[in-house]
Amino acid sequence: MINTRLDGANVLVTGGAGNIGGAISRAFAAQGARVAIHYLAQDPPAPQGTEWGHFTPRPEAAEALARELGNGSFAVSADLSRPEATGQLVTEVVQRLGTLDVLVNNAAHCELPDDVDTYTPDSLRRHYEVNTIAPATLIAEAVRRRTDDQPLSVVNISTDAARAFPGQTGYGTSKAALEAVTRGTALDLGGRGVRVNAVAPGPVQTGWMGEELLAQVREMVPLGRAGEPEDIADAVVFLASHQARWITGQVLQVAGGHAL
């Protein structure tokens, strides 16, 4: 057993109500942390010929999770595609919790189709607004609101698609940019007591894979199975913990050996 030193920590998890985000929120709460569970109240309608490839839980799910976690955890809504939303979100969280010790940038935008024949300036913009710009500005907002240079750990959630994923150009490149943000901000902020790392999940079963696809994943993943949300959550908690105190600027592939 390790002492994560997260008991009593204040944590903001964007997209923290469902699937991987929900597992991350629960994992921090299990360590004694108070969790601000960010959620998007409602997706706008997808443009004609496009479908959203991400899962947006209903607001009730975020409220229910906050009640489940207890210990001062709460749900908070923000549309991260809006430039002003990041500052407002961090301000509200700090006002309610007092400090912010851990920021997990998990919220993501994904839309399909997303290949070279179908992406548009608007679809690329939507990917980058949520997947790159919002995490970068949330980091900056969190740093500005620190008091007495208290330590801050940031964990960004990337993806295998940041390396190569046919048919997901906007999504993959926006996540590759997030990995670059991870390295750049780690260099900028290391001397100020801020660590910035990322976790890059492989194929994780969150209900989107049927039996045929799961069988294919088992064949292509060296460890022989699809991931579970808890696999990602445990890696996030590690990077935020005291045990990772000398780790920054890293992208940890949590994928069972997929996409090596």
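1. In this predicted model, helix H4 passes helix H5 in a right-handed crossing. H5 covers residues 169-189. The axes of H4 and H5 come within 8 Å and cross at roughly 15°. Angles under 35 degrees count as roughly parallel, and H4 and H5 are therefore roughly parallel to each other.

2. Which residues of H4 and H5 make this contact? On the H4 side they are Leu124, His127, Tyr128, Asn131, Thr132, Pro135, Ala136, Ile139 and Val143. On the H5 side they are Gly170, Tyr171, Thr173, Ser174, Lys175, Ala177, Leu178, Val181, Thr185 and Leu189. By class, the contact of H4 with H5 holds 11 nonpolar, 7 polar and 1 charged residues.

3. H4 (residues 121-144) also packs against helix H3 (residues 85-97), here at an angle of about 40° and with the axes 9 Å apart. H3 and H4 are therefore oblique to each other. Their crossing is right-handed. From H3, the residues Thr86, Gly87, Leu89 and Val90 meet Ala134, Thr137, Leu138, Glu141 and Ala142 of H4. The residues of this contact divide into 5 nonpolar, 3 polar and 1 charged.

4. A further helix pair is H1 (residues 19-30) with H2 (residues 59-69). The angle between them is about 20°, and their axes lie 10 Å apart. H1 and H2 are therefore roughly parallel to each other. The crossing of H1 and H2 is right-handed.

5. Where do H1 and H2 meet? H1 brings Gly22, Ser25, Arg26 and Ala29 to the contact, and H2 brings Leu65, Glu68 and Leu69. Sorted by class, the residues of the contact of H1 with H2 are 3 nonpolar, 2 polar and 2 charged.

6. Two points of the backbone deserve a look. Most residues other than glycine have a negative phi, and most peptide bonds are trans. The peptide bond from Leu112 to Pro113 is cis, with omega near 0°. Pro113 is found in the loop between strand S6 (111-112) and H4.

7. Phi of Arg5 is near 60°, a positive value in a residue other than glycine. Arg5 belongs to the segment before strand S1, which covers 10-13.

8. How much space lies in the second largest pocket? The volume is about 280 Å³. This pocket is lined by 14 residues, and the closest to its centre are Pro151, Leu152, Ser153, Arg195 and Ala240. The lining of the second largest pocket divides into 5 nonpolar, 5 polar and 4 charged residues.

9. For a reader checking the model, these places can be looked up in turn. H4 can be viewed from its contact with H5, made by residues including Tyr128 and Ile139 of H4, and then from its contact with H3, where Leu138 and Glu141 are among the H4 residues.

Note on methods: Residues are numbered from 1 along each chain as its sequence is written. This is a predicted model: local features need pLDDT of at least 70, side-chain atom pairs count only at pLDDT 80 or more; totals for chains, interfaces and linings use all residues. Side-chain values use heavy atoms; hydrogens and water are left out. On a 1 Å grid over the protein atoms alone, a cavity is a set of points where a 1.4 Å probe fits but cannot get out, and a pocket is an open set with protein on both sides within 12 Å along at least five of seven lines; lining residues have an atom within 4 Å of a point. Grid points are joined across faces, edges and corners, and a volume is the space filled by probe spheres set on the points. Ala, Val, Leu, Ile, Met, Phe, Trp, Tyr, Cys and Pro count as nonpolar, Asp, Glu, Lys and Arg as charged, and the others, Gly among them, as polar. Axes are lines fitted to C-alpha atoms, for helices over the stretch in contact, and angles run from 0 to 180 degrees between N-to-C directions. Helices (H or I, at least four residues) and strands (E, at least two) are DSSP runs, numbered from the N terminus. Angles under 35 degrees count as roughly parallel, over 145 as roughly antiparallel, 65 to 115 as roughly perpendicular and the rest as oblique. A crossing is left-handed if the near helix is turned anticlockwise from the far one by less than a right angle, and right-handed if clockwise. Contact means heavy atoms within 4.5 Å.
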